[in-house]
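Biologist: Please take one part of this model and go through it closely. I would like the surroundings spelled out, with every cut-off stated.

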Amino acid sequence: MEPAGHNPSVTPADNSAVRSVTDDDAAGIAAGARRVRVHHLQRAKERGERITMLTAYDAPTAAILDAAGIDTLLVGDSVGNTMLGHATTLPVTLDDMVRAGRAVASAAQHAFVVVDLPFGSYEAGPEQALASAVRIMKETGASAVKLEGGRRSAEQIRAITQAGIPVVGHLGYTPQSENALGGPRVQGRGDDAAEELSQDALAVQEAGAVAVVLEMVPRAVAARITEFLVIPTIGIGAGPEVDGQVLVWTDMAGMTDWSPRFARRYAELGRALQQAAADFAAEVRDGSFPTEEHTFDQ
Ligand SMILES: Nc1nc(=O)c2c([nH]1)NC[C@@H]1CN(c3ccc(C(=O)N[C@@H](CCC(=O)O)C(=O)O)cc3)CN21
Ligand SMILES: CC(C)C(=O)C(=O)O
Ligand SMILES: [Mg+2]
């Protein structure tokens with residue numbers, strides 16, 4: 001605490017751009033609530049209020065996205081290709097997800113935090129899935145886990161749900177199965193494939209999932225699933241007739257040169273960061289940084 005009227009010569013960094021969302025200024029599906037919870041997701045669908053979700057992998061980014069009023073933060077296994085230098089999500093480990101999940105959950109004041117179960121941490125069966133989900137919940141402070149697959153993952157979803165852990169499903173293009181699916185392609189095209197996808201969506205809901213991500217699905221198929229499911233759908237490359245939208249934050253913010261067709265780039269952060277680094281280097285080389293204000297005497 002500063003004494004009244006004290007004017008410190010050294011002021012702390014200005015963090016006013018990253019302030020927490022309060023009861024007064026929170027936008028989104030849980031405005032007025034301190035924390036987004038499962039019932040807010042369900043209520044949003046019933047009221048026709050769209051749910052917002054972005055990925056996050058670290059504390060400072062999570063704090064910024066949370067302060068922007070994003071309803072739900074997904075600690076995606078896309079951390080593998082976006083942050084850890086892997087080509088795909090397949091090498092990502094439960095340890096990787098725990099570290100990222102803890103960082104995001106510790107920084108998010110308002111958002112509902114969901115952590116992906118990585119490839120290899122749930123496929124063996126409900127016991128393995130429950131053990132992985134329990135570890136995520138114990139060690140991160142997240143509110144839910146997400147796993148890929150419909151009927152093939154229903155017993156896993158049921159076991160985790162029955163232990164009191166909310167589960168988000170993930171259908172359509174499921175990146176952990178990219179080798180079986182033949183790469184990133186739209187899923188559920190054609191009557192038979194659309195019917196299979198619908199059966200998977202019903203199975204995920206029936207197993208107890210609180211929401212389901214639909215990735216790279218034709219808009220009409222996503223719209224129909226959204227209509228017949230009671231739980232909210234969150235689309236990525238699934239068109240506008242879903243209950244919410246999710247994007248990988250680095251795609252949304254234009255951090256990299258390439259982004260998927262289904263993403264819109266709301267900034268060009270990669271370009272801005274490169275320019276900042278180039279400006280720093282130029283000023284070091286010409287001696288214009290540091291100056292007196294960055295320097296300590298005696
Ligand atoms: N940065 C990033 N964004 C994502 O959306 C994302 C990840 N990483 N990693 C995990 C999964 C993988 N996803 C992917 C990966 C590749 C494409 C892709 O190459 N799409 C091409 C072709 C799509 C088509 O068939 O038309 C594209 O041009 O968008 C799409 C989604 C979605 N997820
Ligand atoms: C693309 C989203 C839905 C995801 O699963 C991830 O980022 O890992
Ligand atoms: Mg994922």
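Modeller: Start at Lys 146, which counts as buried because it has 24 C-beta neighbours inside 10 Å. Buried means 20 or more other C-beta atoms within 10 Å of a residue's own; 12 or fewer is exposed, anything in between is partly exposed, and C-beta atoms are placed from the backbone. This is a predicted model: local features need pLDDT of at least 70, side-chain atom pairs count only at pLDDT 80 or more, and totals for chains, interfaces and linings use all residues. Residues are numbered from 1 along each chain as its sequence is written, while chains are lettered from A and ligands numbered from 1 in the order in which they are written.

Lys 146 sits in strand 4 (residues 144–146). Strands (E, at least two residues) and helices (H or I, at least four) are DSSP runs, numbered from the N terminus. Beyond four places in sequence, Lys 146 contacts Leu 74, Val 114, Asp 116, Leu 117, Val 168, His 170 and Val 213. Contact means C-beta atoms, placed from the backbone, within 7 Å.

UniProt, in an unreviewed entry, lists Asp 77, Ser 78, Asp 116 and Lys 146 under "binding site". They span 70 residues in sequence, yet no two of their C-alpha atoms are more than 12.5 Å apart, so they gather at one spot. Such annotations may be inferred rather than shown by experiment; positions follow the numbering used here, and feature names are shortened.

Asp 77 is in the loop between strand 2 (72–75) and helix 3. Asp 77 is buried because 31 other C-beta atoms lie within 10 Å. Leaving out residues up to four places away in sequence, Asp 77 touches Thr 89, Val 92, Met 97, Asp 116 and Pro 118.

Ser 78 leads on to ligand 1. Among the 13 residues around ligand 1, those that come nearest are Ser 78, Pro 184, Val 248, Pro 260 and Arg 261. A residue is near if its C-beta atom, placed from the backbone, lies within 6 Å of the molecule or strand. Helix 3 (79–82) and helix 10 (249–252) each supply at least two shell residues.

Val 248 occupies the loop between strand 8 (244–247) and helix 10. Val 248 is buried too, because it has 23 C-beta neighbours inside 10 Å. Outside four places in sequence, Val 248 contacts Thr 55, Gly 76, Ser 78 and Thr 82.

Definitions and conventions
Contact = placed C-beta atoms within 7 Å.
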